[in-house]
Amino acid sequence: MAKTLSFLDKSFWITESDENPKHVACLQLLALPEGAKSTEYVPNLFQEIRSFARATSPFNCAVKTVLGYPIGFAPVKKLNMDYHVQIHKVADVTNREALDGFVARLHASRLDPDKPLWQYHFIFDENSDSFAIYARVHHMYGDGATLVRWFQSGYVSHSHESKFTPVWALKRLRNKRREPASFYKRLVGVGYALKTAFDLLIIFIRIFMKILRVNPHYMPIPFTGTKTVLTGQVKAGRAVATMDLDFKRVKALARRTRSTANEVLLCAFDIGVHKLLQDHGQVFKKALFTNMPINLRKPGEKTTGNKIAIVPVQLAHGETDPYLRLRQIVVNHRIVKHAAQHARPAAFSGYTIVIQSLALVFEWLRLSSVVKPIANILISSVPGPKDFRYLKDAKLLACYPISTMTPGGGVNITLMTYAGTANVGLVCCNKNIESLQPLARYVEEAFDMLEASVDNPRLNIEDIGEQVDTVPVSIVSDH
């Protein structure tokens with residue numbers, strides 16, 4: 001029997017194209033066991049993993065459609081392991097820039113819609129003491145929180161030569177079949193739906209009041225982002241970069257600045273993106289926006305599928321002091337969080353569906369380069385394991401999430417915390433930008449400067465690519 005799909009799940013299928021595939025992925029770096037040779041160990045591991053030809057849901061399921069419209073998942077009789085698990089030999093797996101480029105080419109292609117929507121790619125060379133795995137899964141299978149939980153379950157906390165089951169073959173608890181709802185529960189459900197609709201109406205009223213400048217302190221107005229070389233109609237081809245940040249330093253800085261780790265990272269990414277755009281001759285008179293995914297699950301909830309809201313957040317503008325830019329982001333970020341806390345999760349999810357559906361329609365009509373984007377960048381974070389994990393006896397060194405492109409383009413930045421480090425994956429359409437390696441360097445520099453600026457207020461970003469209208473200095477000004 002086909003598994004049912006939510007509207008958000010279906011949207012990833014309906015709007016997918018060769019130019020904008022809707023899969024998410026991760027690049028895993030692993031260390032060879034002591035004394036092992038890559039030319040023997042990796043091919044042997046590859047052959048062993050290929051032998052797990054029986055998968056569990058959803059990895060054994062293809063999309064069931066009626067006239068091209070997805071209605072659910074249906075199990076396939078047999079997996080084509082030659083397609084799902086592949087191996088590649090490269091010149092030097094430790095050359096990060098070359099590895100990122102190789103992954104970008106894999107990431108740009110579309111998964112076969114007639115097969116279960118996942119792939120594993122082993123990447124190795126002849127001499128290195130490490131190898132890589134690029135794994136990708138269609139966004140229909142779940143959001144970032146779901147996929148990270150699944151992939152974690154395929155790894156063990158200690159090196160073990162024989163104990164191993166790949167993620168697609170792991171048995172998972174099935175959801176209990178729901179009993180028919182009683183009349184009382186149906187009545188409660190109707191009441192909740194009405195309250196959700198009221199919350200959604202309030203959200204749109206407040207957005208409209210902000211358009212009229214009656215209520216300026218609310219979430220950003222959709223489709224008011226700034227056009228850049230990163231935004232517009234998404235084309236075929238991807239640029240990928242990966243980088244690391246010491247997450248202990250991030251958390252320590254967040255404590256010192258009375259902010260959150262996400263807000264500290266937002267500030268560093270904002271400065272880095274401004275510098276990248278400045279390299280391409282772009283300066284701005286207003287703040288850029290980020291799309292911020294919000295996990296709508298309750299604490300401890302382990303539902304599958306997609307249960308997120310994606311809303312725009314205004315970033316910083318007009319300050320060359322990194323610390324003052326951070327304070328701007330803190331205020332803007334908490335305006336959105338306050339709005340989310342005062343609306344039912346279903347209402348916030350509904351708001352996401354409305355604005356993202358419009359963006360998807362613009363993309364489908366190829367109008368994304370005509371209208372303004374919802375946001376310029378998408379930044380999301382997923383918590384990962386706090387200790388090191390192993391794939392059999394191969395130590396997992398890092399795991400870089402690489403997401404899909406949002407309608408309207410921009411750069412998608414995703415990070416996963418793993419063993420005290422933030423593993424960051426950056427991806428964009430390469431129609432105007434050939435490489436994201438400069439952005440990775442700029443983000444590292446921005447974080448170092450933000451950290452130093454707390455104790456040294458004289459530090460500033462000399463050229464961040466912003467235009468600020470000069471105003472007469474008041475007699476009460478501090479300047």
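Colleague: Contact means heavy atoms within 4.5 Å. On that basis, which residues is Ala 446 in contact with, leaving aside neighbours within four places in sequence?

Modeller: Keep in mind that this is a predicted model. With those neighbours left aside, Ala 446 is in contact with Ala 268, Ile 271 and Gly 272.

Colleague: Where is Ala 446 found?

Modeller: Ala 446 is part of helix α11, which covers residues 437-453.

Colleague: Is Ala 446 buried or exposed?

Modeller: Buried: the cut-off is under 20% relative accessible area, and Ala 446 has a relative accessibility of 5%.

Colleague: And how far apart are Ala 446 and Asp 270?

Modeller: In sequence, 176 residues separate Ala 446 from Asp 270, while in space their C-alpha atoms are 8.9 Å apart.

Colleague: Let's talk cores. Which residues touch the most other members in the largest nonpolar core?

Modeller: Met 219, Phe 348, Val 411 and Leu 436 do, in a core of 61 residues. Helix α8 (residues 261-279) gives this core its largest share, eleven residues. At least three residues come from each of domain 2 (188-218) and domain 3 (223-389 + 400-462).

Colleague: New topic: how many aromatic pairs does the structure hold?

Modeller: Eleven aromatic pairs. In one of them, the ring centres of Tyr 41 and Phe 131 are 6.1 Å apart with planes at 55°, so that pair counts as tilted. Tyr 41 sits in helix α2 (residues 38-50) and Phe 131 in strand β6 (residues 130-138), so the pair ties together parts 90 residues apart in sequence.

Colleague: Are those two buried or exposed?

Modeller: Tyr 41 is buried at 14% relative accessibility, and Phe 131 is buried too, at 1%.

Colleague: What about the rings of Phe 59 and Tyr 141?

Modeller: Their centres lie 5.9 Å apart and their planes are at 75°, so this pair is edge-to-face. Phe 59 is in the loop between α2 and β2 (61-66), and Tyr 141 is in the loop between β6 and α5 (144-153), so the pair links parts 82 residues apart in sequence.

Colleague: Nice. What else does Thr 231 touch, not counting residues up to four places away in sequence?

Modeller: Thr 226, Pro 373, Ala 375, Asn 376 and Lys 431, plus the glycines Gly 408, Gly 409 and Gly 410.

Colleague: Last one: where does UniProt place the feature "transmembrane region"?

Modeller: The unreviewed UniProt entry places that feature at residues 187-209. In the model, residues 187-209 are 100% helix and 0% strand, with the end C-alpha atoms 33 Å apart.

How values were computed:
Residues are numbered from 1 along each chain as its sequence is written. This is a predicted model: local features need pLDDT of at least 70, side-chain atom pairs count only at pLDDT 80 or more; totals for chains, interfaces and linings use all residues. Side-chain values use heavy atoms; hydrogens and water are left out. A nonpolar core is a set of buried Ala, Val, Leu, Ile, Met, Phe, Trp, Tyr and Cys residues joined through side-chain atoms within 4.5 Å. Buried means under 20% relative accessible area, exposed over 50%, partly exposed in between (1.4 Å probe, protein chains only). Helices (H or I, at least four residues) and strands (E, at least two) are DSSP runs, numbered from the N terminus. Domain bounds come from an automatic or database domain assignment. UniProt positions are given in the numbering used here, feature names are shortened, and annotations may be inferred rather than shown by experiment. Rings of Phe, Tyr and Trp (its six-membered ring) pair if their centres lie within 6.5 Å; planes under 30 degrees apart count as stacked, over 60 as edge-to-face and the rest as tilted.
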